[in-house]
Amino acid sequence: GAGVSQSPRYKVAKRGQDVALRCDPISGHVSLFWYQQALGQGPEFLTYFQNEAQLDKSGLPSDRFFAERPEGSVSTLKIQRTQQEDSAVYLCASSLRDTGIPGELFFGEGSRLTVL
Amino acid sequence: KQEVTQIPAALSVPEGENLVLNCSFTDSAIYNLQWFRQDPGKGLTSLLLIQSSQREQTSGRLNASLDKSSGRSTLYIAASQPGDSATYLCAVLRRQLTFGSGTQLTVLP
């Protein structure tokens, strides 16, 4: 596609529900990142994939958060037993480079999660 | 741990003014620095990317500079327009992008 596509754009979940957020990166982009952005703050790093390999998951806030990219293209961020503090915009970004330095990142419009 | 600070947090200017947004970072061992624009409810749009070996980049009315040794970058916007109103974020890349909290810019007609 022309850009990074994320779905759903908006998700309302009851506390305790599981949610899954999808990211379609730009075709051919090797690197994929997930970020969490709280209201009024800059994005915070969650996790990074190079192709299907999850090279860094140091930013995942708890073991309730899980991300995968099984075929090296589409990625899913799953949040189990959602809590109110999980409410945020979840941004996905992709980059063309296949070296250790990702280069310029292109972001999707994000998935806004609200946990009631 | 890398920390990125943006000053000011908010800025309101009349149309036509030239303005400067500031970004500082604590760890100078970066690969590049990127400036983004974010409109309300939208994702991030990349404006300029400066590699660590570069001093500045220009695109239209935008000019970004990088002084890696002092841990500073500035984004200069010439002849501001109401359409420039948005939040501007800077981010530095080492292992991953680390963002500042942004400067919310309002350009008044």
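This is a predicted model: local features need pLDDT of at least 70, side-chain atom pairs count only at pLDDT 80 or more; totals for chains, interfaces and linings use all residues.
A word on bookkeeping: residues count from 1 along each chain as its sequence is written, and chains are lettered from A in the order in which they are written. Local features need pLDDT of at least 70, side-chain atom pairs count only at pLDDT 80 or more, totals for chains, interfaces and linings use all residues, and side-chain values use heavy atoms, with hydrogens and water left out.

**Where the chains meet**

Start with the interface. On chain A, 20 residues are in contact with 19 residues of chain B, contact being heavy atoms within 4.5 Å. Together the two chains bury about 1600 Å², and 54% of that sits on carbon and sulfur atoms. Buried area here is the accessible area (1.4 Å probe) that two parts lose on being put together, summed over both.

For polar links, there are six residue pairs in polar contact between chain A and chain B, both residues at pLDDT 80 or more. A polar contact is a pair of N or O atoms within 3.5 Å; within protein, one must be able to donate a hydrogen and the other to accept it, and residues adjacent in sequence count only if both atoms are side-chain atoms. Strand S4 (residues 31–37) of chain A supplies three residues, the largest share of the chain A side that touches chain B. Strands are DSSP runs of E, at least two residues long, numbered from the N terminus. That chain A side splits into nine nonpolar, six polar and five charged residues. In this sorting Ala, Val, Leu, Ile, Met, Phe, Trp, Tyr, Cys and Pro are nonpolar, Asp, Glu, Lys and Arg are charged, and the others, Gly among them, are polar.

A salt bridge means a side-chain nitrogen of Lys or Arg within 4 Å of a carboxyl oxygen of Asp or Glu. Over all chains the count is seven, and one salt bridge lies between chain A and chain B.

| Pair | Closest N to O distance |
|---|---|
| B:Lys42 and A:Glu109 | 4.0 Å |

**Sheets**

Two strands pair if DSSP finds at least two bridges between them. Chain A has an open, antiparallel sheet of four strands in the order S1-S3-S8-S7. Its edges are S1 (5–7) and S7 (65–68). In chain A, S7 joins S8 (residues 75–79) through four antiparallel bridges, with A:Ala67 partnered by A:Leu77.

Chain B has an open, antiparallel sheet of five strands, S1-S3-S8-S7-S6, edged by S1 (4–7) and S6 (56–59). Also in chain B, S4 (residues 32–38) and S5 (residues 44–51) pair antiparallel over seven bridges, and B:Leu33 has B:Ile50 as its bridge partner. Five residues sit between the strands of that hairpin, where B:Gly41 takes a positive phi near 75°.

The peptide bond from A:Ser7 to A:Pro8 is cis, with omega near -10°. A cis bond also joins B:Ile7 and B:Pro8, with omega about -5°. A:Asn51, a residue other than glycine, has a positive phi near 55°; A:Asn51 is in the loop between S5 (44–50) and S6 (53–56) of chain A.
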